Amino acid sequence: DAYRNLAAFDLDGNLVTWPVETNGKVMAVAIDGSTVYAMGTFSEAGGGTGSATRNRLAAFDTNGNLTGWNPGLSEGRYSNSPSALMVSNGVIYAAGDFTGAGGGTGESAVNGMAAFAPSGLLAGWMPELDGRPASMVTDGNGIYVGGAFAHAAGGEAVARRSGLVIFHTNGNVL
């Protein structure tokens, strides 16, 4: 079987038939229930239901069908590489080298970080970094972001944060 950029394995490490592909690299994956979210350098994604334009973000069900979720990310400032994706409390968070998000529903300017509802709409969470985020994790209360940046902004605060920052889930710098 030919797989392009994304594959699935069972718990024993055996390749599972999962008809999903993208036309570029997949850099991050997050799972929420029966939905698999992928982020990468691709502009198209496909599955059991066919292929469609998906700018750096796509979602599939566990059967390999491409879902209608299509927020999109713009090209980046530096290396154009998405780096981190996670789901927490029904919100899909993306971090990486991009300057716009929400392409499937109208694009808004963002600086390397964005959050989306399961509907694909851009959420109000829009902190900013002056460099590239590389990793992201949450403890349910805060969003911890690491990367190559010196300052972070969120809410009404701009703070010096060399390579590590914590944002509240409302977007404020902690």
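**Labels and their criteria**

Tutor: This is a predicted model, in which local features need pLDDT of at least 70 and side-chain atom pairs count only at pLDDT 80 or more, while totals for chains, interfaces and linings use all residues. Residues are numbered from 1 along each chain as its sequence is written, and side-chain values use heavy atoms, with hydrogens and water left out.

Student: Why is W18 called buried?

Tutor: Buried means under 20% relative accessible area, exposed over 50%, and partly exposed in between (1.4 Å probe, protein chains only). W18 has 7% relative accessibility and therefore counts as buried. F60, at 0%, is likewise buried.

Student: How many aromatic pairs does a search of the whole structure find?

Tutor: The search finds five. Rings of Phe, Tyr and Trp (its six-membered ring) pair if their centres lie within 6.5 Å; planes under 30 degrees apart count as stacked, over 60 as edge-to-face and the rest as tilted.

Student: Why is the pair of Y37 and W69 said to tie together parts that are apart in sequence?

Tutor: Y37 and W69 are edge-to-face, at 4.8 Å centre to centre and 75° between the planes. Y37 lies in strand β5 (residues 35-40) and W69 in the loop between β8 and β9 (82-88), so the pair joins parts 32 residues apart in sequence. Y37 is buried because its relative accessible area is 5%; W69 is buried at 4%. Ring pairs link Y37, W69 and F116 into a cluster.

Student: How do you know that β17 and β18 are paired strands?

Tutor: Two strands pair if DSSP finds at least two bridges between them. Four bridges join β17 (residues 151-154) to β18 (residues 157-160), which run antiparallel; H151 is bridged to R160.

Student: What makes β15 and β19 edge strands?

Tutor: The open sheet has the order β15-β16-β19, with antiparallel pairing. β15 (132-138) and β19 (164-168) each have a single partner strand, so one side of each is without a neighbour in the sheet.

Notes
Helices (H or I, at least four residues) and strands (E, at least two) are DSSP runs, numbered from the N terminus.
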